[in-house]
Structures are given as C-alpha cells and as structure tokens.
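User: I'm new to this one and would like to learn how to read it feature by feature. Could you start with how helices pack?

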Amino acid sequence: MTETQALIENRPPSVATLFLERVEATPDAEAYRHPVPSPSGEGPDTWASLTWRQAADRVFAIAAGLIDLGVDPQERVALACSTRVEWILADLGIMCAGTATTPVYPSTNADETAFMLSDAGCRVMIAEDAAQLAKARLRRAELPHLAHVVVIEAADAVPAEGDPEGWVLSLADLEKRGTARLEAHPGAVKDRIAALRPEQLATLIYTSGTTGRPKGVRLRHDAWSYMSRAIQATELVRPDDVQYLWLPLAHVFGKVLTAGHISVGHITAVDGRVDKIIENLPVVRPTYMAAVPRIFEKVYNGVAAKARAGGPAKYRIFRWAAEVAREYAKVSQDNYRRTGSKAVPFGLAAKHRVADALVYAKIRDAFGGRLRACVSGASALAPDIGYFFAGAGIHILEGYGLTETSAASLVNPGEAYRTGTVGKPLPGTEVRIADDGEILLRSPGVMEGYHGQPEKTGEVLEPDGWFHTGDIGELSPDGYLRITDRKKDLIKTSGGKYIAPAEIEGRFKAVCPYVSNILVHGADRNYCTALIALDGPALLAWAKEQGMEDRSYAEVVAAPETEELIGGYVRELNEGLQRWQTIKKFRLLPRDLDIEHGELTPSLKLKRPVVERTYKDLIEEMYAGSRED
C-alpha cells in the first residue's frame, strides 16, 4: 500500500475527528484570519487571528450549546450566513455535536428558505443577522420543527411580539450555554464526536439548480473526511500556505476548502465580501486561492479596459502581451507534456520577458505578489482566458465536481496542469465515459442520495455507486478529463448539427473584453443567435471615451455605437467557428444577468431556461421571417 492509499484508506470517520487531531497536533499555530471593521466604520479593516486551540474553544462551546438546546445526532441545523469566520466555527460546532448542517445562501428569498428548512426538518437555524431572522419569522407557522433561531450579530437577536419564549438568542448566548454545559459535563462534545460513524449524515446541502426547486443532497461524514485526506494527498495545498477564502460557504466548493484546510493545517484568511477582494489581496498576500471563472473573467476585462483607457498605444501593448501570454502558455504546457520541460524557444522567451515587465508583473502584484496557484471550479473557464493568466504567471488549476460528489472529484496536478482540462481524478475517485459521452464518477465523496426523493436518486445513482453527472466529456490517454458540455445543454439545429453552446460562449468571453454573460441559442433553429449582457464598469469606461459619460447603462447599451462595437467582436468570434456554429444575430440585454432576478445561480452559473423565458421576445425577434428547415 502506498503512502497516499494509506492516507485515504485510514481516514477517520469524520471531519470532527480530524479537527480534534489538528487541534492536538498544532494547538498554537494560526488557523484563521478575519477582518475586524474599524470602530468608526471608516478607514481600513484590521485583521485578527485565531489559533487552532482558540478556534476549538469556540467550536466546542457552539457544539455544547446545540446539545443543550436538545438537538439530537443527525438532526438538521440550518446555517444562513455569508462567508465569515463564524460560518466555519458554526459549521464545525454543528458537526462536533453530531448534528447535520443545512447551508442556506443569505441571498435566498424567504419562500425558498422556508422550503429548505421545512424539507430538511431543521430544529435550529443559525442566522447571520436581522434580515435572515426575518425570513424564518415570516414563515414560522410553516416551520413547526424550528425550535430556535441563533443570530450571529448579537445586536440583531431581538425577539418580536409573537415569538415563543427563547425562540431567538444570540450566538454569544449559545456559546455561554455551551460553556456552562461543558463545565457540568466536560466530555459532552467529545462523547458526541466519538460516537460519530462514517455513514451518518453530516450535511444536507440543497443544489442551487438551474430549473425547479432545489434538491437536498445527503452527504455523509465519510464524504468530507475522504475529501480532507484526498486534498492533502494531492499536495496542491501546503502547510505553509496562506489561503484567501471568499467563496460562498453555502456552496459545496467553498465547504470543501474548509475540510481540506483542517487536514493540511495551513492558514485561511476568511472574508466573503466580494467588493473587498481587490482591497484585501495586497493585505492578505495569499499563496493559494480558489475562485469561480466569472472572477477571472472580470479581472481580465478590467485589465483590458484599463489598458484601453490608457490610449491606443497602451491598448496595443496589452493586446500584444495577451497574445504572447497565450502562446507562451500553450508552448510551455505542450513541451512539459511531451518532454517534462517547460522550456520555450529563445524568441518567444525574449518577448515574454518584455511583456512581463510591461504587463504581467503588475497583474501578479494586484493578486498580492505571492500567489502560487488558483483553483477554478463550479463552471467552465474559457481556455483563452486560462492561457492568458498562465502566461502571465497566475496558474489557474481547473477542477471539477458537483454538489452530489462533495465538490472535488478531479483537479489539475500542479506543475503538470493543462489549461482547458479539469485535470485528473483525486486519489480514491474513479472516472469513466459512458457510451453516449456522459461522465460517470464513483468515490467515497458521492452522495447517499437526494433527501426524500428515491426516484430522483435512482435516475442518477447506480446500485454499484456510479454517479451520472449529466456532463459530456473526453478522457485523454494519460487520464486528463475535458468537459465538452452539459448533456442537457447540447443544441441540435434544425439542420441536424450538434453544437456545444458553452464552448462558443467561452470563446466569446476571451475575445470580447466587455461581455459579462452570453447565452447562445439555436435548438431546433436553422442558425444560432446570442443574448449578450455587458460588464457595467468596462462598458461605462468605454462610453466615457465616446463622449457618452452622461448616459445610463441601459442608454449606452441601446446606442448604435455599442451594437457596432460588440458586432465587431461577434464577427471576430465567427471567424474561428464552423459555419453552423456562427452567431448570425445577437441582441444586447438592457441590464446584466444576476442572482436577484433568478438568472444566475449563487455560484454564478447561467440558468438558461430562466433567461430564455425572460427574453423570449428578443429571441423570437431574431428568428422573425426566417425559414425553419
């Protein structure tokens, strides 16, 4: 048995057990950093730290507090909160109490929140603030199982008329109750941890879904324990790393990063405020960070827009440097695949050095100057954007997984990463391609099933453990997986040609620095069309150059100059496509797509059916008068 196999096969039954081991091994090492706003609310935040021992004190107090409230093993505790250190402490407290976390995005509306809390049968809800408390209070009559709401922001833990006695309490109050219980019963939490079994429910996480009501995915303690050890075994994350964690922890991608952190023992800086990312990066100076593709797209668009605003000369330099970066990355990755060396021809290396001094070094500095690697997941990264960052020295390791597989199933292996693929399976994970091209996965991270929906479970999970992902892909001879599209998203034109819209959309994002979202349409039609939403800051910066600084976003979008600008990028896109893939017509949307209107999931995936319904008239307009063959 290899060292990796031993690490995986001898894993403990739960992350709670792993947490105890980590605290015992490195009690005084720094575990978490988190921002503390200035008392006046003005000026920069300061950053505070928690050692593993300090974190454990709070985790145990939360766990004991839940036990004191009467929550039994495997009963559900909802966690409706943004990404902050208290989310992690609460989640660990829930697991150490033997209960199961049901994460809820803070952006989820009251109706959907009530559905999840009711479907899961949650006994307690840990809410971030008054806004989250209000959602539970609004639907309290529909939630007979909900015995308590614990509010993290103590000032917001205010009972209202009609609340049952003790229904609302603060997190500080819960921790006080837990501390008192531990004084009376010192072994209360450790006894719960010792009783945990691998097959017990740890997390009931609802898929954000692109259609219909979300489904509750049942993930066992063993799934997270496996993920912790598998991440450690890849050695992509090191004990001396500083991770910047801002991803939504209600999403399985963010959650798995917390599991890996415990096994490896590095430092994690936690702050989910997306508007603070640019400000935080030079302060945190991370060596490792995970993100979704939209973040890299926004950075790329921002750099391009800034270069364009600097005048024609600067913009030409940027475009030249971008092409050099892509060529450098492609050549070096290809050489590494064939020979094990990333050496490139002398002429290309010389151009790259010049471009580095002019462009790339500034991009790396903006990320804090120490970034060793980024992991990208949740949706596909456009290869041209991936190659750009790779050539600029920002190494984006794409990975792949689903909520149903505890997030991480494959990831690119360090130095040997290949842009455009999602890498190789984690140790202990199996991958195969079905006859119709669908990707199947099997591992200890695969879900137990959908909560209360055995028929839905049977549609995707075979008796021997193989999970049907719904994605189409190809495996290289040496085991790298490339995702080509969602099985259900493949377009078949009226002419019988199959088209992968995500591939075309990804190419356009690499071509056009002003795009935010794009949806390619063409199912059962005789040509393809596109709905295009533009990036606000990039578009308005361009508009200012054109003398339209006094116009709103919608007014700029409606301007003929804007349609001509985007039309040029569409023509550039079409030059690299097969005839049946080309975009014949497009429409610019009057606003960007967003979560609030239900057009994007919380992990920023496009909800195609919603967008197509909302803009049905625009789609029909693009096909008006055409002959459908």
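## Helices, core and loops

Analyst: Helix α4 (residues 85–96) and helix α10 (residues 252–264) pack at about 75°, and their axes are 12 Å apart. Here, axes are lines fitted to C-alpha atoms, for helices over the stretch in contact, with angles from 0 to 180 degrees between N-to-C directions. That angle makes α4 roughly perpendicular to α10 (under 35 degrees is roughly parallel, over 145 roughly antiparallel, 65 to 115 roughly perpendicular, the rest oblique). Helices (H or I, at least four residues) and strands (E, at least two) are DSSP runs, numbered from the N terminus.

Before going on: this is a predicted model, where local features need pLDDT of at least 70 and side-chain atom pairs pLDDT 80 or more, while totals for chains, interfaces and linings use all residues. Residues count from 1 along each chain as its sequence is written, and side-chain values use heavy atoms, leaving out hydrogens and water.

User: Which residues in α4 and α10 meet?

Analyst: From α4 come W87, I88, D91, L92 and M95, and from α10 K255, T258 and I262; contact means heavy atoms within 4.5 Å. Sorted by class, that gives 5 nonpolar, 1 polar and 2 charged residues (Ala, Val, Leu, Ile, Met, Phe, Trp, Tyr, Cys and Pro are nonpolar, Asp, Glu, Lys and Arg charged, the others, Gly among them, polar).

User: At what angle do α3 and helix α8 pack?

Analyst: Two packed helices are described by the angle between their axes and the distance between the axes. For α3 and α8 (residues 188–195), that's about 85° with the axes 9 Å apart, so this pair is roughly perpendicular. F60, A63, A64 and I67 in α3 meet A188, V189, K190, R192 and I193 in α8. This contact has 7 nonpolar, no polar and 2 charged residues.

User: At what angle do the axes of helix α17 and α20 cross?

Analyst: Helix α17 (residues 501–511) and α20 cross at roughly 125°, with axes that come within 10 Å, so they are oblique to each other. I504, R507, F508 and V511 in α17 meet I566, Y569, V570, E572 and L573 in α20.

User: Is T562 buried or exposed?

Analyst: Buried means under 20% relative accessible area, exposed over 50%, partly exposed in between (1.4 Å probe, protein chains only). T562 has 0%, so it is buried. T562 sits in helix α20 (residues 560–574) and touches L534, L539, W542, M548, V556, V557 and L588, leaving aside residues up to four places away in sequence. The C-alpha atoms of T562 and W542 are separated by 9.4 Å, and the two are 20 residues apart along the chain.

User: Which residues touch the most other members of the largest nonpolar core?

Analyst: A nonpolar core is a set of buried Ala, Val, Leu, Ile, Met, Phe, Trp, Tyr and Cys residues joined through side-chain atoms within 4.5 Å. In the largest, with 169 residues, Y32, F389, F508, I532 and I566 touch the most other members. Helix α3 (residues 52–68) gives the most to this core, with 10 residues. Another core of 20 residues lies apart from it, including A136 and L146.

User: Where is the place of E235?

Analyst: E235 is in the loop between α9 (221–234) and β10 (242–245). Though not a glycine, E235 has a positive phi of about 60°, and at 61% relative accessibility it counts as exposed. R285, also not a glycine, has a positive phi of about 50°. R285 lies in the loop between α11 (277–284) and β12 (288–291) and is partly exposed, at 36%.
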